[in-house]
Amino acid sequence: MNARTRLTLATAVVISLSVAGCSQDSKGSGEGGGRKNPAAANDGKIAGGAPNKGGTLTILSNQDFAHLDPARNWTMPTMDFGTRLLYRTLTTFKAAPGKEGLEVVPDLATDLGQPANGGRTWTFKLKKGVKYEDGSEVKAQDIKYNVERSFATELTSGPDYAKRYLAGTEGYTGPLKGEHLDSVKTPDDHTIVFELNQPVHEFGSTVTLPTFSPVPASKETGVKYDNHPFSSGPYKIESYEREKKLVLVRNEHWDPATDEVRKAYPDKFVMVMGLKGTQIDDRLIASDGPDASALAWSDLQPGSASKVLTDDEVKKRFVSEVGACTSMLHLNTTKAPFDDPLVREAVQYAVDKESVVTASGGPALNEIATAYMPPALTGGTQPDSLKIPPTGDQEKAKQLLKSAGKENLKVTMTVSTGEKGRGEAIQEALGKAGISVQVDTVDPAAYYDVIGDTKNAPDLAYSGWCPDYPSGATFLPFVFDGRFITEKGNSSNISQFRDQATMDRIDGIKKIEDVAKANEQWAALDAEVMKKAPSIPVAIERKPLLIGTNIAGAYAHPVWAAQLDYATIGLKDPKKSQS
């Protein structure tokens with residue numbers, strides 16, 4: 001999904017544990033050389049037992065949300081938080097760990113949608129009695145309005161499925177000036193019909209995205225909607241002090257009889273922001289007082305991993321599963337030097353992926369990526385079509401640069417502040433090949449706005465992409481289709497890659513009705529684009545999260561980059577929690 005994920009590990013220290021023998025070709029297993037990865041001990045399990053209703057659950061975070069507005073929410077953990085707690089979508093994912101969590105189930109809709117016209121028309125009937133936080137009823141027109149909001153030039157960075165799939169959208173810039181789409185129809189308050197520009201046989205999964213949640217036009221506040229989305233979910237915002245604290249309390253009009261997914265165990269969620277990563281780790285390892293009822297939003301710092309993985313009691317509270325995301329180094333293909341395919345190929349050989357994995361916490365928390373699409377989309381193991389050594393081949397890179405007549409290059413690279421260690425590992429490897437890299441850091445909350453400004457984009461940027469649901473159609477078309485690059489909020493094709501052959505192949509694969517056959521072709525296209533090197537796949541990462549001793553029902557959801565599923569999490573003993 002955005003499918004993008006904000007990958008934010010801070011200053012890195014390699015974990016020098018028994019996992020040092022893990023092999024990078026053991027995709028998803030977390031094992032190598034006969035040794036088990038201690039970070040994988042709780043894979044597929046629910047930590048903390050069964051939760052009870054009530055109490056205050058605290059979330060400790062190093063940052064604020066970039067966007068809670070459902071039209072702008074396209075980062076994995078935030079989509080999890082938003083769609084599980086604040087707003088409902090037409091369909092959603094089952095609340096369960098492992099493969100069971102990949103199942104799409106009805107949410108606001110009564111079923112997974114009714115296709116017609118060869119998959120170009122989709123009709124959804126809404127459940128009756130679903131209420132907003134003020135007691136008014138959710139209507140089909142509200143979902144139409146939010147879909148239209150996703151076109152607004154003022155509301156950047158959100159999912160762009162509506163722009164890609166809806167018919168008759170050319171030149172449309174959203175409803176803020178009173179204009180509406182004819183391709184989204186609402187014949188009555190409980191029916192919504194989508195007319196598409198192409199057959200989309202997985203549209204019942206597409207509408208799991210926050211774009212397809214309701215926003216009443218009467219509640220529109222433009223860019224300020226980020227500060228207080230109007231709730232259709234089990235919780236509503238009581239207070240929100242940006243970059244400091246968010247408090248959610250129950251939406252008393254939410255009816256569990258209309259919602260088979262969300263359990264809404266805690267009475268209140270409190271997110272405390274702006275904490276240092278090591279501070280979060282130390283507090284949760286100790287799990288004293290109120291921190292027993294707290295959990296981490298941000299990833300465990302690599303330097304804290306040895307404290308967790310060598311303590312059996314703490315390790316029971318460690319949830320760390322492989323996310324369905326690939327971290328990539330993106331090359332700005334619109335300008336020199338990376339408009340030259342030979343120079344891009346040189347970078348592909350120059351990158352030392354092993355050193356980036358080391359800088360990210362070592363093989364216990366990362367695996368080397370050898371393709372764009374993650375193992376979840378390639379049968380559990382990534383192919384390795386180029387056979388470049390994990391440490392790279394800097395001499396080969398030098399030869400390619402010489403052939404291109406572009407030696408001793410100087411380029412800029414932008415990373416989030418939490419990824420400085422990764423940036424420096426890439427800087428060092430490219431330096432050995434004769435490419436001098438200046439590394440600039442940006443606050444994580446602003447990172448995608450910075451690298452998504454195409455006119456001012458850096459030469460190199462580091463980010464991850466995750467499939468929004470288990471289909472190759474949610475990966476390669478978003479990362480490499482040049483027809484959807486935007487001047488501001490360019491959130492997916494970071495390399496600004498415009499290649500006609502690639503776009504033609506994308507169009508051809510989309511016409512294949514058999515999903516399994518289509519996925520075979522997505523894998524073949526993955527290998528073709530790898531040869532053109534607009535981006536370099538670097539790592540597949542675990543999402544390492546620690547919970548307090550009073551947290552229950554905690555598991556990594558397989559869709560949202562292995563973030564904890566907020567639909568079913570709660571407290572063992574609500575009385576022990578303190579506001």
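**Figure 1. Surroundings of Glu 148 in the predicted model.** Setting aside residues up to four places away in sequence, Glu 148 touches Tyr 172, Gly 174, Pro 175, Glu 179, His 180 and Leu 181. The model shown here and in the other views is predicted. Glu 148 belongs to helix α2, which comprises residues 140-149. The relative accessible area of Glu 148 is 1%, and the residue is therefore classed as buried, the limit being under 20%.

**Figure 2. Helix α2 and its cover.** Of the ten residues of α2, nine are buried, so the helix is largely enclosed by the rest of the structure. The buried residues of α2 are Ala 140, Asp 142, Ile 143, Lys 144, Tyr 145, Asn 146, Val 147, Glu 148 and Arg 149. The elements that cover these residues include helix α3 (161-165) and the strands β9 (184-188) and β10 (191-195).

**Figure 3. Leu 108 in the loop between β6 and β7.** Leu 108 is placed in the loop that runs between β6 (104-106) and β7 (114-116). With a relative accessible area of 1%, Leu 108 is buried. Beyond residues up to four places away in sequence, Leu 108 touches Arg 88, Thr 89, Leu 90, Lys 125, Leu 126, Lys 127, Val 130, Ile 143 and Pro 214.

**Figure 4. The buried side of helix α5.** Helix α5 spans residues 277-286, and its buried residues are Gly 277, Ile 280, Asp 281 and Leu 284. These residues cover an arc of only 95° around the axis, which means that they lie on the same side of α5. The strands β4 (56-60), β14 (294-296) and β21 (535-546) pack against the buried residues of α5. Just after the helix, Ser 287 adopts a positive phi of about 55°.

**Figure 5. Two loop residues with positive phi.** Ala 264, although not a glycine, has a positive phi of about 50°. Ala 264 is found in the loop between β12 (245-250) and β13 (268-272), and its relative accessibility of 5% places it among buried residues. Lys 387, a residue other than glycine, likewise has a positive phi, near 55°. The loop that holds Lys 387 runs between β17 (366-368) and α10 (394-404). Lys 387 is exposed, with a relative accessible area of 62%.

Figure 6. Pro 337 is located in the loop between β16 (326-331) and α8 (341-350).

**Figure 7. The whole protein, for orientation of the close-up views.** The secondary structure consists of 15 helices and 23 strands. The radius of gyration is 23 Å, close to the 25 Å given by the globule rule for 579 residues, so the protein is as compact as a globular protein of that length. The C-alpha trace spans about 65 × 55 × 40 Å along its principal axes. Buried residues account for 61% of the 579 residues. Of the contacts between residues at least 6 apart in sequence, 74% join residues at least 24 apart. The protein exposes about 20700 Å², of which carbon and sulfur atoms supply 48%.

Notes. Residues numbered from 1 in each chain as written. Predicted model: local features only at pLDDT ≥ 70, side-chain atom pairs only at ≥ 80, totals over all residues. Heavy atoms only, no water. Helix = DSSP H or I, 4+ residues; strand = E, 2+ residues; numbered from the N terminus. Rg over C-alpha atoms; globule rule 2.2 N^0.38 Å. Buried < 20%, exposed > 50% of the residue type's maximum accessible area, 1.4 Å probe, protein only. Contact = heavy atoms within 4.5 Å. Areas by Shrake-Rupley, 256 points an atom, 1.4 Å probe, with all protein chains shown as cover. Arc of directions from axis to C-beta.
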